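Me: I am new to this structure and would like to learn how to read it step by step. Could you take me through a few features, giving the general idea before each case?

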Amino acid sequence: MLRNEEKEAEAPFAKYKDILYRIAFSNMKSKADAEDVVQEAFCRYLKSRPVFDSENHEKAWFIRVVINICYDIQKSAWFSKTVAFDEVPEREMKHFKLPFMEEDETLWHVMELPVGYRNPLYLFYYEDYSIKEIARIMELEEGTVKTRLRRGRELIKERILYGTEKKSRDFTEKVLKEGGKDAY
Amino acid sequence: MRISEWIDAKGISNGPGKVNAKKLYDISVDGCKIKEEDGFRSSLQKSIVQEEAMKEYQARAEEKKRPNGKAPASIEREIGNKNIAIRLEQKDAVKAGKEVPARGIPYSECDMVEINVLEGYVLKAKKEERTEGKEKKNYQVYVEKKSDDGEVAAYLFDGPSSRKDSGDEMERIAYAVMNRNELKG
């Protein structure tokens, strides 16, 4: 009986561990941190054992939890004082592989975006989520997701043309304070 | 009330910060020349000719439609004694593919995925087999374009007739998928 329950609890881990790792990595930019985040997400799942309407609902819940854990860590005083989370360290890049496509240089630029733009862009382009789904996962309006996709794209263009600007850090801090909710 | 009158009434012109506004009688009539070609009549004529040329262009493109036909890049027309060259951008040209409802295929099912973050879209392409008549097999490429404004467009391209140098990015990916798979065998 206990064995069956264990197997049941492990099922979502097997299903979602890869995508959750990628989302966690895109936020934390380190293999070790990303693995910790995924582990924490499954601990929260085992503690609360939520009931889901569908597989999509279940997946969205896990993604939301992972994003929230990343926000919590980045908000912490220790993290903000010791880790510069603007750039992906080169030694960490090898720990990130996208399925179904070759390496894409723009991906690293997406990861360097302020947190409010990073997740919508990453989910839209690299995990093939629709605007509607992203809005549901991130608890934002569809219009806000569209705006963030557009502004994030403009910011990447700006950074490619004129180099990295630190001014967007304010936006990151604002979004982190509000737990990822609409920061406008 | 005229601006100059308003300025006079407010007494602004008498103040220390004098407004640099010309009074109506200061403006010379000689400076106002009306160009003949900018007239309403000629612009109307131009737009009618352009519209006709566009229709003709579309008709020609339909006639020449695939496999070897290429739409003309420009059309020349005359208005009176003047020649107007109407250039047509490739993206405005008639699409080589056939518009179909988007299926929302996942990346895992695609033969090729092109992510273009800077332009704000993703292209997903899948090569499919199509049977024409008795045992005659052909290929078509299903291409889906997901844009960051929420639009999703899907087209079916006839595999062998898709062009490498097309101005349409959807047709280009269709060509790439066709040729990549052929190389792989």
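Predicted model: local features only at pLDDT ≥ 70, side-chain atom pairs only at ≥ 80, totals over all residues.

Me: How many helices and strands does the secondary structure of chain A have?

Reply: Helices (H or I, at least four residues) and strands (E, at least two) are DSSP runs, numbered from the N terminus. On that basis chain A has ten helices and zero strands.

Me: At what angle do helix H7 and helix H9 of chain A pack?

Reply: Two packed helices are described by the angle between their axes and the distance between the axes. Axes are lines fitted to C-alpha atoms, for helices over the stretch in contact, and angles run from 0 to 180 degrees between N-to-C directions. Here helix H7 (residues 115–126) of chain A meets helix H9 (residues 142–162) of chain A at about 100°, and their axes are 9 Å apart. H7(A) is therefore roughly perpendicular to H9(A), a label for angles of 65 to 115 degrees. Among the residues making the contact are Tyr117(A) and Phe124(A) of H7(A) and Leu149(A) and Leu155(A) of H9(A), where contact means C-beta atoms, placed from the backbone, within 7 Å.

Me: Is Asn56(A) buried or exposed?

Reply: A residue is buried if 20 or more other C-beta atoms lie within 10 Å of its own, exposed if 12 or fewer, and partly exposed in between. Asn56(A), which lies in helix H3 (residues 55–75) of chain A, is exposed because it has 11 other C-beta atoms within 10 Å. Of the 184 residues of chain A, 34% count as buried.

Me: Which residues have the most contacts inside the largest nonpolar core?

Reply: A nonpolar core is a set of buried Ala, Val, Leu, Ile, Met, Phe, Trp, Tyr and Cys residues joined through C-beta atoms within 7 Å. The largest has 60 residues, and Ala24(A), Val66(A), Val143(B) and Ala174(B) have the most contacts inside it. H3(A) gives the most to this core, with eight residues. Leaving aside neighbours within four places in sequence, Ala174(B) touches residues including Val143(B) and Phe157(B).

Me: How many residues of chain B are in contact with chain A?

Reply: On the side of chain B there are 13 residues, in contact with 16 residues of chain A.

How values were computed: Residues numbered from 1 in each chain as written. Chains lettered and ligands numbered in written order. Parallel < 35°, antiparallel > 145°, perpendicular 65-115°, else oblique. Contact = placed C-beta atoms within 7 Å.
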